[in-house]
Amino acid sequence: TIQELDREYGIGIAKACQIVALFELYRRLPRKKNELTLIRSAQDVAEIYLPLLHHLTQEQCRVLYLDTKNKIIADEIITIGILNASLIHPREVFSGALRHHANALIVLHNHPSGDPSPSEEDMEVTERLAETGTIMGIPLVDHVILGHSSWWSWKENICSHKTL
């Protein structure tokens with residue numbers, strides 16, 4: 001963040017704003033099709049997003065929108081919650097899927113406590129998203145929860161015997 005760059009590295013506010021803006025611009029630039037990130041498993045998701053989310057003090061819910069070859073075509077923050085909760089509604093998740101013409105999607109969020117074990121609310125939301133995905137023809141491939149140094153996958157722990 002701008003404050004971290006200023007406080008921890010002694011970079012002035014103006015220069016910190018430029019650096020943060022540069023990274024945001026890079027994130028928003030469209031990538032060539034052959035540069036899209038392929039997702040084969042929840043471990044792929046964890047390797048990319050654990051370093052980005054493990055330190056956050058609030059839950060952040062993201063959705064990865066996938067093409068027909070399971071490559072990420074878009075990554076959106078859906079909600080930022082409080083210390084121990086974040087509201088996720090199918091409306092926000094699937095509006096992005098339609099906007100990006102996604103073939104499938106993966107939901108992920110962090111647990112600021114560091115424990116990636118799913119809550120009852122996490123399981124209820126995942127079921128609702130899976131049902132919505134089935135109805136809309138845009139399947140929910142997985143719901144990955146990130147802790148401080150570990151992760152949990154709905155597909156690998158709950159649905160290993162069936163498709164979500």
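1. Contact here means heavy atoms within 4.5 Å. With that in hand, look at helix α4 (residues 90–99): it lies across β1, β2 and β3, and runs at about 30° to β1. Bear in mind that this is a predicted model.

2. Now the sheet itself. It is open, has five strands in the order β2-β1-β3-β4-β5, and its pairing is mixed. At the edges sit β2 (72–80) and β5 (151–153), each of which pairs on one side only.

3. If you want a spot to check on screen, Cys61 stands opposite His109 of β3.

4. Helix α3 (residues 42–53) also packs on this sheet, and touches β1, β2, β3, β4 (140–146) and β5. Its direction makes about 40° with that of β4.

5. Back to α4, this time for its helix partner. It packs with α5 (residues 120–136) at an angle of about 40°, and the two axes are 10 Å apart. The crossing of α4 and α5 is right-handed.

6. Who makes that contact? From α4 come Pro90, Val93, Phe94 and Leu98, while α5 supplies Arg128, Leu129, Thr132, Gly133 and Met136. Sorted by class, the α4 contact with α5 has six nonpolar residues, two polar and one charged.

Conventions
Residues numbered from 1 in each chain as written. Predicted model: local features only at pLDDT ≥ 70, side-chain atom pairs only at ≥ 80, totals over all residues. Heavy atoms only, no water. Pairing = 2+ DSSP bridges. Helix = DSSP H or I, 4+ residues; strand = E, 2+ residues; numbered from the N terminus. Axes fitted to C-alpha atoms, helices over the stretch in contact; angles between N-to-C directions. Left-handed = near helix turned anticlockwise from the far one by under 90°. Nonpolar A, V, L, I, M, F, W, Y, C, P; charged D, E, K, R; others polar.
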